[in-house]
Amino acid sequence: MRMKLLKKKKSSYFFIVIPLILLMAILFYRFFMGTEVKNLVIQDSNFSIPWYQDEDGEFYFFLPEGMNREELSFSFNTLFSKCHVSIYEDNKQKNISSVDSISLKDDDYYFISSLKFARTRKYLVHFMQSSLPSVFLNIDGGDDSYQKILSDNMSHQVHYPGDILLMDLNHSVYSAHVKKIRGRGNSTWFREKKPYQISFQESVSLLGMKESKKWIFLSNHWDGSLSRNYLWFSLAKKLGIDYSVDCSPCDLYINHQYVGSYLLTNKIEVSSDSISIDEGYFFEIMNQRIHDLDLDHGYQINIKYPNIKNMSSSQSLKVKRESLDYLNKIESLIYDDSVTIEELEQYIDIDSFIKFYWVQELSENYDASRGSNYFYVRDNQLFMGPIWDMDNTLNRSYRYTDVSIQYLLKDRALSVRSKENWFQELSKREEFVLLVDEFYKNHYDDFNELLSLLDDYYNYIELSASMNYIRWPYQKMRKEQLRDWITEDVDFHSSCQLLSDNLSKRIKFYQEYYQMS
């Protein structure tokens with residue numbers, strides 16, 4: 001009898017206490033978590049942007065230039081449907097819903113979520129808006145596909161189709177299907193802010209640039225000024241280097257999330273859109289462990305065209321052998337002081353060498369004569385160019401670079417690779433030096449205009465850069481750089497000042513060198 005009574009008490013205990021615990025848990029969760037906003041999204045007729053929370057817990061909206069702040073609506077997720085969100089506007093609290101249209105003129109607003117018998121939550125949200133064109137990439141498969149792209153290695157074999165929506169500064173909207181969206185790059189791919197490549201079925205023009213099937217989003221993650229590639233690509237085009245890339249800064253969003261300030265360019269490759277050489281060759285000087293050719297004087301060469309990876313082993317070997325013989329022959333002529341410029345002109349395009357020289361020389365490109373240097377063979381003549389990968393320039397990297405020297409000829413850091421510096425050999429010929437000097441004097445105004453070009457560009461991208469360095473904190477970016485890189489710059493503005501100062505000194509050096517004012 002006593003055992004039955006104990007069992008009855010335990011049963012009553014279970015049916016009373018357990019529901020009470022569950023009720024208390026629900027009330028606790030309702031009070032403390034019920035008003036938490038899981039996702040706040042801002043929208044207009046063209047764009048839908050979720051908020052972003054940084055590492056310090058601050059909330060931001062990164063608005064594209066073309067977003068209309070006069071007619072915005074919001075959507076949000078909370079645990080309980082009866083929870084409502086209000087906004088402080090003109091010191092007044094105003095409830096909002098997904099159907100409301102409101103105007104936000106200020107840069108900071110408090111959003112308040114509330115629910116009866118629950119704790120009120122207050123969110124300070126910062127609104128930032130760019131002044132650049134905006135590009136939205138939406139990947140088929142959403143964030144799952146995007147994460148697989150991000151997890152890929154340098155082979156960049158993972159890709160997905162998707163859609164692009166682009167708005168220029170005239171607020172003209174371009175939308176199209178994208179055949180492939182994938183990552184790109186080598187060392188830059190393993191940094192937080194990553195570069196991307198997109199491909200279309202047919203050639204298209206983006207932001208007024210020449211048509212291309214393939215487009216690159218350069219992250220400029222190692223360049224605190226976000227400006228070096230644009231500066232030197234612009235100079236290359238101004239000087240008339242064949243096949244120079246078009247480029248335009250933009251804000252990039254992937255699956256609606258803001259991913260930073262980028263430089264959009266067409267891709268350098270042999271194609272009807274880029275380098276038209278048909279039966280020729282396209283090479284890259286690249287100081288890497290794995291490469292295709294070793295020239296007699298030290299250059300390590302990759303064959304970019306024809307594509308030997310798609311050939312049989314015998315065909316690939318034949319192309320390598322022919323390329324090596326041809327380039328060693330050219331190089332032997334360059335290193336032979338008895339061969340005159342007139343004789344060399346039968347084999348190399350001197351004009352392209354001089355133009356290439358001045359871009360590398362003024363920029364003090366650390367990779368000059370070392371990496372990402374392209375050249376091609378067209379009509380049995382070798383041409384230097386086009387210009388690429390110019391973020392490691394004018395003291396972006398190592399401390400040693402002197403801005404008041406003839407860099408390609410006398411910089412002590414280049415001495416370790418002097419055996420693989422064609423320009424040092426060419427400069428032993430007085431005729432070549434005279435042509436280099438004459439070119440500078442003829443393009444004196446183009447070189448001097450670089451400073452004003454740079455100042456205008458800083459002003460143009462400043463708002464976008466502010467958003468970029470919230471999304472990718474500057475000091476964290478600096479920690480991803482090589483340990484020997486300079487440390488004077490601490491933010492976008494100081495990095496811009498560093499570049500401007502060095503460019504000014506560089507230009508002044510050559511003004512005085514040639515006694516021009």
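Being a predicted model, it is read with local features needing pLDDT of at least 70 and side-chain atom pairs counting only at pLDDT 80 or more, while totals for chains, interfaces and linings use all residues. Residues are numbered from 1 along each chain as its sequence is written, and side-chain values use heavy atoms, with hydrogens and water left out.

View 1. S10 (residues 134-139) pairs with S15 in the parallel sense over 4 bridges; pairing takes at least two DSSP bridges between two strands. Look for Leu137, whose bridge partner in S15 is Ile254. Helices (H or I, at least four residues) and strands (E, at least two) are DSSP runs, numbered from the N terminus.

View 2. Ser248 sits in strand S15 (residues 247-254). With a relative accessible area of 12%, Ser248 is buried (buried means under 20% relative accessible area, exposed over 50%, partly exposed in between; 1.4 Å probe, protein chains only). Leaving aside residues up to four places away in sequence, Ser248 touches Leu207, Met209, Tyr262, Leu263 and Leu264; contact means heavy atoms within 4.5 Å.

**View 3. H6 against H9.** Helix H6 (residues 350-363) packs on helix H9 (residues 430-442) at an angle of about 60°, the axes 10 Å apart. Axes are lines fitted to C-alpha atoms, for helices over the stretch in contact, and angles run from 0 to 180 degrees between N-to-C directions. The two helices, H6 and H9, are therefore oblique to each other (under 35 degrees is roughly parallel, over 145 roughly antiparallel, 65 to 115 roughly perpendicular, the rest oblique). On the H6 side you'll find Ile350, Ile354, Lys355, Tyr357 and Trp358, meeting Phe432, Leu435, Val436, Phe439 and Tyr440 in H9.

**View 4. S8 between its partners.** Strand S8 (residues 108-114) has 5 of its 7 residues buried, so it is largely enclosed by the rest of the structure. S8 runs antiparallel to S6 (residues 84-89), joined by 4 bridges, and here Val85 stands opposite Ser113. S8 and S9 (residues 121-129) are also antiparallel, with 6 bridges; Asp108 faces His126 there.
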